Amino acid sequence: MTTPRQGPPPAPEWEPEHEVSADAAAALIGARFPELAGAPVEALAAGWDNTVFLVGGAWAFRFPRRRIAVAGVEREIAVLPAVAPHLPLPIPVPRFAAGPSEEFPWPFWGARMIPGRELAEVGPPDEDRTALAGQVGAFLRALHDPALAAAAAGGLPHDPMGRADPDVRASRTFSRLDSLVRLGVWERDRAVTDLLADARHRPAPDGEPVIVHGDLHVRHLLLDPDGRAAGVIDWGDVCLADPAVDLSIAYAGFAGAARAALLAAYGPVPPGREAAARVLALNLSATLAEWAASTGRAALLAEALAGMRRAVAG
């Protein structure tokens, strides 16, 4: 007989360990950066790992919400200034950086605000994503340049979350799918099952590691009012890894002619790398769908579920 669970259910994994309010952010920023003291501070966005505030209408400040995010914040501060000049799209470049203090136990930083709306929020039809996809392909080609890794990758870890390993990602996807079924937002799909079953027998791609964004999904690609790329944000998972880690966006965010445009701008993708990218696309989309369904983010849920369908499509 199963013993009933005692006490409250476990907290969701995205639950913050330390959540900063706008007033607290204003005090911390003003104390560390006197030139910004008194500037208006308003909440801008929040994810699993960071809370973002707009300061003075011009600066985006990121504060970690969980201890696991601190190493990523430190990598962003160290790496993004070296990477940004080599990329064809804007990325955040830390202008203000603060270490831990008695008032806040973790580092935080601010960069010039990149105007734009998340791809997940805009949700353009697939047929309207072709120009955007070409921009993303060119961006990834520049980011994955081996010369950039040689020049700017000092101290970066190698794929610490196993995102390029199809077996690792497949094994972490089943529980997400179970949650989506329990939440009533997804019905089991044979194509998904087959993709995951195939992944369990595939090795990780064995190409030379490059600098990757590490978490390039539909929340981290910003669009301008014309639906073109405005920038790429949230680099807390930047690391060295196989290009498949970032190419997952080709299979989660784009389909048909748009995906073809992305891959044409990027260059050839070997079958093993494509397989790894598809599995990660499914994993990230299922993870986003679970979070969105659990927290009432309707636009993100729709985009994430569409990403799952794209990941298994031809």
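A: Setting aside neighbours within four places in sequence, Val-168 is in contact with Met-161 and Gly-162. Please note that the model is predicted. Val-168 belongs to helix α6, residues 166-171.

Q: Is Val-168 buried, partly exposed or exposed?

A: The general idea is to compare the relative accessible area with two cut-offs: under 20% is buried and over 50% is exposed, with partly exposed in between. Val-168 has a relative accessibility of 24%, so this residue counts as partly exposed. As for its place in the fold, the C-alpha atom of Val-168 lies 37 Å from that of Leu-54, the two residues being 114 apart along the chain.

Q: Which residues is Arg-65 in contact with, leaving aside its neighbours within four places in sequence?

A: Arg-65 is located in the loop between β3 and α2 (70-83). Its contacts beyond those neighbours include Trp-14, Pro-16, Glu-17, His-18, Trp-48, Asp-49 and Trp-106. Arg-65 counts as buried because its relative accessibility is 7%.

Q: Over how many bridges do β3 and β5 pair, and which residue stands opposite Phe-61?

A: Strand β3 (residues 59-64) and strand β5 (residues 108-112) are joined in the antiparallel sense over 4 bridges. Within this pairing, Gly-110 in β5 stands opposite Phe-61.

Q: What is found on the β4 side of β5?

A: β4 and β5 also pair in the antiparallel sense, over 4 bridges. There, Ala-97 stands opposite Trp-109 in β5. Strand β5 is mostly covered, with 4 of its 5 residues buried.

Q: How many aromatic pairs does a search of the whole structure find, and how is the geometry of a pair read?

A: The search finds 12 aromatic pairs. To classify a pair, one considers the angle between the ring planes: under 30 degrees is stacked and over 60 is edge-to-face. The planes of Phe-63 and Phe-108 stand at 20°, with ring centres 4.4 Å apart, so this pair is stacked. The pair links distant parts of the chain, since Phe-63 lies in strand β3 and Phe-108 in strand β5, 45 residues apart. Both Phe-63 and Phe-108 are buried.

Q: Which kind of pair do Phe-104 and Trp-106 form?

A: Phe-104 and Trp-106 form an edge-to-face pair, with 6.0 Å from centre to centre and 80° between the planes. Phe-104 is buried at 1% relative accessibility, and Trp-106 is buried at 5%. Ring pairs also join residues into a cluster, whose members include Phe-33, Phe-53, Trp-59, Phe-61, Phe-96 and both residues of this pair.

Q: Which rings have an arginine over them?

A: Two cases may be described. Arg-95 lies over the face of Phe-96, 4.5 Å from the ring centre. The charged end of Arg-112 sits over the ring of Trp-59, at 4.1 Å from its centre.

Q: Finally, which residues of helix α7 are buried, and what covers them?

A: In α7 (residues 174-183), the buried residues are Arg-176, Leu-177, Ser-179 and Leu-180. Seen in this way, they fall within an arc of 160°, so they line one face of the helix. Their cover includes α8 (190-199), α11 (271-295) and α12 (298-312). Just after α7, Gly-184 adopts a positive phi of about 80°.

How values were computed: Residues numbered from 1 in each chain as written. Predicted model: local features only at pLDDT ≥ 70, side-chain atom pairs only at ≥ 80, totals over all residues. Heavy atoms only, no water. Buried < 20%, exposed > 50% of the residue type's maximum accessible area, 1.4 Å probe, protein only. Helix = DSSP H or I, 4+ residues; strand = E, 2+ residues; numbered from the N terminus. Arc of directions from axis to C-beta. Contact = heavy atoms within 4.5 Å. Pairing = 2+ DSSP bridges. Phe/Tyr/Trp six-rings, centres within 6.5 Å; stacked < 30°, edge-to-face > 60°. Lys NZ or Arg CZ within 6 Å of the ring centre and 35° of its normal.
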